[in-house]
Amino acid sequence: MNLATSAAPGGRAASTPLLGDAREPTIFEMSVPGRSAYQLRTTGIPERPLSELIPSGALADSPVPIAEVSERDLVAHFTRLSHRQFSVDLGAYPLGSCTMKYNPKLCDTIAAMPGLADVHPGAPASLTQGWLAILVELEESLCEITGMAAATLQPSAGAAGELTGLLLMGAYHEANGDRRRRVLIPDSAHGTNPASATLGGYDVTTIPTDERGLVDLDALRAALDTDVAGIMLTNPNTAGMFEEDIAEIAAAVHEVGGLLYYDGANLNAILGVVRPGDMGFDIIHMNLHKTFATPHGGGGPGAGPVAVSQRVADFLPGPKAARLADGSYGWITPERSIGRVHGWHGNALVIARALTYIKVHGGDGLRRVSERAVLNANWLRKRISKNFPAAYDRMCMHEVVVTGTELKRQTGAKAIDVAKRLLEEGFHSPTVYFPLIIDEALMFEPTETESLQTLEALAESLDRIADEARVAPENLHAAPRTTPVRRVDEARAARTLVPTQDARIEESG
Amino acid sequence: MPDYTPHTDAEIDMMLGFLGLDSVEELFAAIPAALQVSGGLDLPQGIPEPDVAYAMESLAKLNTGGASSMVCFAGAGAYDHEIPPVVRALGGRSEFVTAYTPYQPEVAQGVLQAIFEYQTLVARLAGLPVANASLYDGSASVVEAINLAVSASRRAVVHLSAGVHPHWRSVVKTYARGTGHTIVDVPLVNGVSNFDAVAGGEAPGVVVVGYPTYLGTFEDLGDVRRHCDETGALMVVAADPIMASILKTPGSQGADVVVGEGQSLGTPLSYGGPYLGLFACTLEQVRRLPGRLVGETLDIEGRRAYVTTLRAREQDIRREKATSNVCSNQTLMAVVAAIQLGWLGTHGLAQVATRCVTATRYLSDQVTAIDGVTPLLPGVPVARDVAVTTPLDASVVLDRLADEGFLGGLALSSLTDEGDGSVDASVRDRTILMSATERRTRTEIDALAAALTKVVSR
């Protein structure tokens with residue numbers, strides 16, 4: 001019996017039904033003047049004319065138009081929109097670098113509990129001891145997982161964590177009477193790294209990748225001097241390879257007084273296996289919406305806590321939740337805090353979800369997550385290597401970057417064509433054309449929650465696509481043909497900008 | 001221990017065999033052994049879901065100040081609004097919840113169209129032609145607005161009104177450590193920014209005001225525009241989206257950028273996050289817009305379609321030259337806002353705004369009728385929030401009100417830094433910021449006033 005094909009794949013979405021292909025009107029097009037859905041509480045508060053309460057110059061003549069629909073039509077509209085949307089719950093989503101693992105429903109239930117969701121962020125500590133305990137427990141768990149001393153939970157997403165980390169880096173050097181202007185970033189890095197470095201007030205020096213797919217050590221050493229505030233690395237890197245020379249890199253950067261920043265986007269590869277703190281990193285952000293399974297919400301919310309080593313801890317944003325001497329919880333602000341980076345305490349409900357996930361798994365379970373994520377990625381790497389060879393042909397970590405260069409040369413089908421054709425097969429596309437240093441890159445991150453049967457089905461689809469490219473490449477260029485819309489005219493969208501319904505009406509006259 | 005991975009032991013063996021490996025440890029051979037964790041992470045053992053649920057429920061029970069257990073008069077940028085079952089049900093649909101950023105538009109039309117509708121609504125409330133697909137929260141939107149305006153004006157001096165939410169002002173100052181912007185605080189006099197107090201300094205490239213201010217007062221946006229015209233600055237207005245429905249739009253009064261906190265549009269109080277950063281601007285500034293923007297276009301068969309556009313502004317393409325570093329935003333909250341606004345409709349939103357104004361005024365009238373309790377700003381019209389000064393320390397008053405079952409508001413001393421220019425130092429410690437939304441009834445407000453009477457006369 002072939003275990004890989006003895007069961008149907010759970011992660012293939014090709015059987016999902018759609019009725020017709022009529023366009024969905026916007027809610028504004030469905031609007032009928034005088035129709036309504038809202039119902040508000042009976043308050044008994046005496047009505048008064050607004051003109052008595054608000055300065056007359058400020059009041060509008062009529063309310064801002066929204067839309068006027070019935071509750072039934074509202075439900076139909078957004079339900080139909082939801083049917084025009086791929087999601088993890090529907091099928092496999094091997095989008096590299098994004099860690100689209102299954103999001104446990106328990107975490108949603110916890111986040112919806114009134115005792116968490118209905119708490120005002122300005123309520124005093126005495127009335128929010130449960131929330132403070134959650135914040136402290138997550139901070140402690142993340143520090144153990146990363147090998148760090150303390151953390152802030154305020155940053156709302158990975159990029160916000162990066163910028164926070166860079167400001168911490170600056171505060172650290174400044175406290176040492178040091179003004180450093182450069183940050184080193186590998187050419188394979190996520191775009192957020194250089195963008196954050198600019199906002200952090202730094203000039204970016206790009207470090208090339210060598211033929212192994214790793215940081216070029218000679219180039220790194222050549223770039224290092226006492227003007228270097230630090231280096232931003234993700235390890236494993238965006239090519240899915242572990243930076244084997246990390247100890248040497250850390251020593252070299254520390255030698256010139258720089259700090260090491262860890263971009264935690266790829267943390268799902270190393271839980272319980274190796275810790276950034278033990279590798280020599282000083283600052284790390286985590287993406288709770290990747291590694292700790294909080295749902296991505298169509299692009300957000302995330303949460304990007306930043307953990308640091310002891311020598312950076314005094315600069316962390318405040319206030320932060322802490323266990324006080326009497327055993328209760330309260331707020332403290334670190335001695336030399338850089339200040340707030342969030343309007344309140346961070347994306348608290350995301351934090352509660354992540355803690356729930358960590359509690360279910362425990363230390364052993366988290367290691368198992370990474371083991372199986374890496375196992376899945378390597379199995380897929382080898383299984384598809386005939387048509388889609390890995391950019392670096394050896395063991396990868398949690399994701400694999402393959403190249404479609406040869407397929408393109410043989411058939412004219414590009415990586416984007418393969419990605420679009422894969423949608424017809426019922427799978428979400430991999431990340432394409434990233435990292436930028438790899439030609440015709442297709443980056444697959446299957447995650448640990450996809451089954452062997454789903455991986456096999458994905459591989460068979462890729463085989464089918466490669467075969468088809470050789471005999472009927474036009475099918476790939478035309479794909480996708482079975483989706484709610486086909487390839488969209490991106491140039492037109494940019495040329496004739498229609499960012500709102502009102503822009504469209506003005507345009508059509 | 002069960003978890004969310006599907007692998008059977010037999011499958012793991014088979015997969016390892018396929019790779020020519022004997023053990024899972026060999027998967028990590030590239031990691032130097034000396035660096036690897038030995039003995040496992042020092043975390044508690046994993047426990048089954050029902051046990052975790054019990055543990056988390058026990059923690060939630062310790063949050064005795066939740067809006068479901070106390071009557072909430074706390075506002076200050078986070079409000080207890082009605083979120084109906086229909087909005088919760090639609091916003092909780094897993095197609096919206098478990099999708100990623102719409103990088104493949106052919107299979108992301110649901111989120112893309114919902115964002116297009118959201119952008120339309122935010123643009124209308126702002127009175128500006130373009131709105132982005134969301135930022136993290138109100139504070140992040142102010143930071144990004146300042147970055148945009150500094151880039152457009154090429155001047156790094158920021159006139160930041162003390163009427164902007166105090167936490168947002170702190171965040172602005174934190175991020176200015178990196179950008180090097182000069183942040184000049186503009187004090188409030190009678191709830192209005194006093195630009196005379198900062199005259200004579202270097203001309204600003206940006207002026208930021210709150211509308212209403214965090215104390216609930218109204219700036220004269222015409223005056224703010226004149227200050228901008230005199231100095232050549234861009235005008236940034238941090239507006240409340242509920243109040244925006246009944247006020248003249250900031251855009252119609254000359255704002256270049258309108259930002260705000262969108263929590264009021266369908267997102268629960270959530271202990272402060274995830275919230276929703278609103279951001280709208282003029283067409284002139286669209287190429288400096290931070291974050292994602294959805295535009296309408298056609299597919300190859302001529303069908304209407306939506307796609308993220310003007311992508312060359314963004315970090316994944318422009319890297320260190322991007323307009324912002326933002327990648328993940330708050331899309332789900334934006335989708336929820338579109339649903340909540342659809343539920344409220346034109347008249348429902350105006351009704352909510354009107355009820356907030358009348359309820360807050362009724363609240364103000366009832367509590368300031370108490371002997372010793374006075375408005376912080378007597379005779380100044382306020383909406384959304386009202387600051388009242390009591391004879392006692394504000395945190396003592398709030399503690400005693402909590403004993404009576406009320407979350408009475410926020411102590412200004414917990415919200416503001418000393419000497420921040422928004423409130424007189426002599427009364428700061430005794431002042432409470434209160435708010436009543438459309439969910440507060442006359443009975444609740446009367447009961448709060450009775451409790452406050454008891455508290456201050458004790």
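Predicted model: local features only at pLDDT ≥ 70, side-chain atom pairs only at ≥ 80, totals over all residues.
Local features need pLDDT of at least 70, side-chain atom pairs count only at pLDDT 80 or more, and totals for chains, interfaces and linings use all residues. Residues are numbered from 1 along each chain as its sequence is written, with chains lettered from A and ligands numbered from 1 in the order in which they are written.

Chain B is assigned two domains (bounds from an automatic or database domain assignment). Domain 1 covers 71–82 + 345–457, and domain 2 covers 86–338. Their C-alpha centres lie 27 Å apart. In domain 1 of chain B, 28 residues are in contact with 26 residues of domain 2 (contact: C-beta atoms, placed from the backbone, within 7 Å). Two elements give two or more residues each to the domain 1 side: helix 10 (331–368) and strand 14 (386–389) of chain B. Helices (H or I, at least four residues) and strands (E, at least two) are DSSP runs, numbered from the N terminus. Helix 10 of chain B gives the most, with 6 residues. The domain 1 side divides into 17 nonpolar, 6 polar and 5 charged residues. Here Ala, Val, Leu, Ile, Met, Phe, Trp, Tyr, Cys and Pro count as nonpolar, Asp, Glu, Lys and Arg as charged, and the others, Gly among them, as polar.

In chain A, 3 strands form an open antiparallel sheet in the order 10-12-11. Strands pair if DSSP finds at least two bridges between them. Strand 10 (400–403) and strand 11 (431–432) of chain A are the edge strands, each pairing on one side only. Strand 10 of chain A pairs with strand 12 (residues 441–444) of chain A over 4 bridges. Val402(A) stands opposite Leu442(A) of strand 12.

How values were computed
Contact = placed C-beta atoms within 7 Å.
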